[in-house]
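Here is a short briefing to read alongside the model.

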Amino acid sequence: MGLTLADRQGSNEGILMAKVDSVRTASPSDEYRVTIVKYGTRDVNRRDVYLNYQLYNEPNAPIGMDYFFWLIQNDDRTIVVDTGFSQAGGEKRQRTTLYPVAQLMNDFGVDPASAPDIIVTHAHYDHIGNLDLFPTSTIVIAQQELDFWKGPHAHRTMFHHSVEDDDLRYLSQAVKEERVHTFSDHLGLVSGVEIIEVGGHTPGQLMVKVNTSEGVVLLASDAIHYYEEYERDMLFMSVASLVGMYEGFDRVRRMEESGEIDILVSGHDPDTLARFTPVDGEYRDVAAVIGGSRE
Ligand SMILES: [Zn+2]
């Protein structure tokens with residue numbers, strides 16, 4: 001403990017340098033595999049997830065919602081993107097837990113003792129429960145997100161229903177322990193992994209860009225809950241800024257059009273896993289990989 005993110009990046013670079021002499025068939029160190037892991041789900045209808053759904057003049061129908069966390073891994077490094085909902089946070093909202101997050105982290109090769117960096121895309125209950133699994137990790141979050149949840153609007157009904165006070169307290173405690181790294185706008189976390197502050201859904205909503213052998217992946221998290229939400233410009237019901245949310249869609253469109261990103265991963269769409277390569281074995285129905293299979 002006590003090492004800053006920059007210190008640890010520095011020391012990791014030292015380790016990478018030492019390995020250069022013994023380059024094997026490994027992929028380049030700035031290339032990662034992304035694993036999408038579904039740990040929870042719920043049944044829900046279209047009019048319950050889209051804001052002012054009646055404006056679209058379309059019938060109501062089931063749409064479903066899946067809950068994911070994401071892993072960014074290569075031979076040298078593991079980065080965790082979000083940590084799912086806690087048992088209490090999930091039960092309160094009657095969400096279905098498919099597998100405990102702790103079990104999935106372990107089985108996908110994430111060792112809390114190695115203190116992997118944790119990117120928190122935003123502070124909603126379904127993204128920061130289980131941070132306590134990583135008591136020595138550096139937590140990376142937008143300054144604006146951290147400030148918002150300590151500010152005068154966090155307790156208001158439209159915002160507070162999406163968070164758990166216990167989770168926010170844990171985050172505050174981590175700040176006191178000096179293991180929360182904040183930034184604004186953009187952060188190159190390590191070579192091959194960039195974090196982009198987009199806002200909209202929450203004041204400091206983040207997206208994560210990752211180099212893989214299949215192309216550049218954008219983990220949109222809740223900047224895009226559903227592919228349809230983005231493709232048809234239909235806003236999700238929980239939103240901090242309407243304009244910010246639309247601007248986020250436009251920004252992702254520009255990233256796609258310019259070739260800056262190749263592969264888009266939604267935050268909650270039940271169609272997400274089917275778009276990618278399932279992992280082998282027990283978790284084939286709940287996890288998929290981009291940029292390499294699990295060996
Ligand atoms: Zn979410």
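**Overall picture**

The protein chain holds ten helices and 14 strands (DSSP runs, numbered from the N terminus: H or I of at least four residues for helices, E of at least two for strands). This is a predicted model, in which local features need pLDDT of at least 70, side-chain atom pairs count only at pLDDT 80 or more, and totals for chains, interfaces and linings use all residues. Residue numbers start from 1 along each chain, as its sequence is written.

- Of the 295 residues in the protein chain, 41% count as buried (20 or more other C-beta atoms within 10 Å of a residue's own; exposed means 12 or fewer, partly exposed in between, with C-beta atoms placed from the backbone).
- Among contacts in the protein chain with a separation of 6 or more, 69% join residues 24 or more positions apart (a contact means C-beta atoms, placed from the backbone, within 7 Å).

**Helix 8**

- The twelve residues of helix 8 (residues 165-176) should span 16 Å at 1.5 Å a residue, and the 17 Å between its end C-alpha atoms agrees with that (expected span: 1.5 Å times one less than the number of residues).
- Asp167, Leu171 and Ala174 are the buried residues to look for in helix 8.
- Viewed down the axis of helix 8, its buried residues fall within an arc of 60 degrees, so they line one face of the helix (the arc is that of the directions from the helix axis to the C-beta atoms).
- Asp165, Arg169 and Lys176 are exposed on the other side of helix 8.
- The cover over the buried residues of helix 8 includes helix 3 (87-92), helix 5 (125-128), strand 6 (139-142) and strand 7 (180-183).
- After helix 8 comes Glu178, with a positive phi near 60 degrees.

**His124**

- Look for His124 in the loop between strand 5 (117-119) and helix 5.
- His124 counts as buried because it has 26 C-beta neighbours inside 10 Å.
- Setting aside neighbours within four places in sequence, His124 is in contact with Ser162, Val163 and Thr202.
- Gln205 lies 81 residues from His124 along the chain, and their C-alpha atoms are 9.9 Å apart.

**Helix 10**

- Helix 10 (residues 242-257) has 16 residues and reaches 23 Å from first C-alpha to last, close to the 22 Å expected at 1.5 Å a residue.
- Met245, Gly248, Phe249 and Val252 are buried in helix 10.
- Seen down the axis of helix 10, its buried residues fall within an arc of 95 degrees, so they line one face of the helix.
- Those buried residues of helix 10 pack against strand 11 (215-221) and helix 9 (227-231).

Terms used. Contact = placed C-beta atoms within 7 Å.
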